[in-house]
Amino acid sequence: MTILVTGGAGYIGSHTSRLLTSLGRNVVVFDSLERGNADSVLGTPLVIGDIADTALVTKICLKHKVTTVVHFAAYKSAGESMSQPEMYWRNNVQGTVNLVEGMLAANVQHIVFSSSAAVYGNPQSSPINESSVISPVNVYAETKAMMERVIRWYGETHGLRWTSLRYFNAAGASSDGALGENWDVTTNLIPLVMKAALNISGPLQILGNDYPTKDGTGIRDYVHVEDLADAHAKAINYLQSGGPNLTVNLGTGVGTSVMEILSATEKVLGHTVPHEFAPRRLGDPAAVYADVTLAKKVLGWTAQKSLQQIIDSAFHWHYGQLS
Ligand SMILES: NC(=O)c1ccc[n+]([C@@H]2O[C@H](COP(=O)([O-])OP(=O)(O)OC[C@H]3O[C@@H](n4cnc5c(N)ncnc54)[C@H](O)[C@@H]3O)[C@@H](O)[C@H]2O)c1
């Protein structure tokens, strides 16, 4: 009963592998290390390989008696996906086809898939529930919508059983400072705030302070990475106990503005985070946050960690990386 974690040397995958191991699960990480770090697996067995290598996937699944795959491996940058779309079609969509073919050849029937709230595009209103329109506005988001459909169709044609977890904004680091996000490669807001706070970059550019929100800045739903890891453990239990295929949002249900992130960071820092206001980025919605009713009802999951815990853990992780 082994769980194969693709992309388990990356940000969310490493937190999830660690939690699953601590829960007594047998875990094997499968990662190309192209965008991950071998040190992040913290001693979990690691297979270095590409999900596109169907024969290798089958071999590893048979060797380790895998029963469930948790599928994080993908590229995730919206900007890069618009300049190099072919990379995204190939790695995310074709990679998922090859992975599932490899799983099925080894008779592995369960997959927990890392989808994204990006599939909703720029919604007219929030909170967003799972029946909201799927309307990707970049290639990355389109690949996530396609990967969801590929997996769903393998359910129809081959009896694959799946959960698609639509994460909102993953954030924070492990409470003990062992794991966190690599700010050299991410474009997510909180690492950028930390770079500005620790004087690694110039002032934080806040893109738009004239949105129709409480303080004029954009609102998003930041969910602690350890809460996301917990949701994966629950999704695995759900599939293994026979739950029907499921698409579900993972967020806190609470919208947080850029200024609120800054103010929570200033509490840890003890002084102002250098920042300046810049024009809105074309196409950015004012507010995006999740309706999390379904996750609570079906998985028994709700995010437990506060915004301050997200910021504290992120700050300590990034600060620790400097020394
Ligand atoms: N970070 C977020 O806020 C967020 C939000 C929504 C969805 N997601 C999704 O969650 C997943 C994990 O995100 P993350 O932030 O941990 O990303 P990450 O880049 O830190 O981790 C991805 C991992 O996958 C590996 N990988 C990529 N292509 C591979 C391949 N072909 N074969 C084997 N390994 C491969 C990389 O080396 C890396 O270790 C991604 O699918 C992403 O789209 C992330």
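Let's start in a loop: Asn 199 sits between helix H6 (189-197) and strand S8 (204-207). Helices (H or I, at least four residues) and strands (E, at least two) are DSSP runs, numbered from the N terminus. What you're looking at is a predicted model, where local features need pLDDT of at least 70, side-chain atom pairs count only at pLDDT 80 or more, and totals for chains, interfaces and linings use all residues. Residue numbers run from 1 along each chain as its sequence is written.

- Asn 199 has a positive phi, near 60 degrees, even though it's a residue other than glycine.
- Asn 199 counts as exposed because it has 9 C-beta neighbours inside 10 Å. The rule is that a residue is buried if 20 or more other C-beta atoms lie within 10 Å of its own, exposed if 12 or fewer, and partly exposed in between, with C-beta atoms placed from the backbone.
- Lys 65, also not a glycine, has a positive phi of about 50 degrees. You'll find Lys 65 in the loop between helix H2 (54-63) and strand S4 (66-71), and its 11 C-beta neighbours inside 10 Å make it exposed.
- Going from Ser 126 to Pro 127, the peptide bond is cis, with omega near 0 degrees. Pro 127 belongs to the loop between S5 and helix H5 (139-158).

**The whole chain**
- The protein chain has ten helices and 13 strands. Its radius of gyration is 19 Å, close to the 20 Å that the globule rule gives for 323 residues, so the chain is as compact as a globular protein of that length. That radius is taken over C-alpha atoms, and the globule rule is 2.2 Å times the number of residues to the power 0.38.
- Buried residues account for 47% of the 323 residues.

**Two domains**
- The chain is assigned domain 1 (2-170 + 223-250) and domain 2 (189-221 + 253-322), with bounds that come from an automatic or database domain assignment.
- The domain centres, taken over C-alpha atoms, are 25 Å apart. Where the domains touch, 24 residues come from domain 1 and 23 residues from domain 2; a contact means that C-beta atoms, placed from the backbone, lie within 7 Å.
- On domain 1's side of this contact, H7 gives the most, with seven residues.

**The nonpolar core**
- The largest nonpolar core has 91 residues, and Leu 4 is one of those with the most contacts inside it. Such a core is a set of buried Ala, Val, Leu, Ile, Met, Phe, Trp, Tyr and Cys residues joined through C-beta atoms within 7 Å.
- H7 provides the largest share of this core, nine residues.
- Beyond its neighbours within four places in sequence, Leu 4 contacts residues including Val 28, Phe 30 and Ile 60.

**Around the ligand**
- There are 28 residues around the ligand, and Gly 7, Gly 10, Gly 36, Ala 74 and Ala 170 come nearest. To count as near, a residue needs its C-beta atom, placed from the backbone, within 6 Å of the molecule or strand.
- H1 gives this shell its largest share, three residues.
- The shell is made up of eleven nonpolar, twelve polar and five charged residues. Here Ala, Val, Leu, Ile, Met, Phe, Trp, Tyr, Cys and Pro count as nonpolar, Asp, Glu, Lys and Arg as charged, and the others, Gly among them, as polar.

Key: Contact = placed C-beta atoms within 7 Å.
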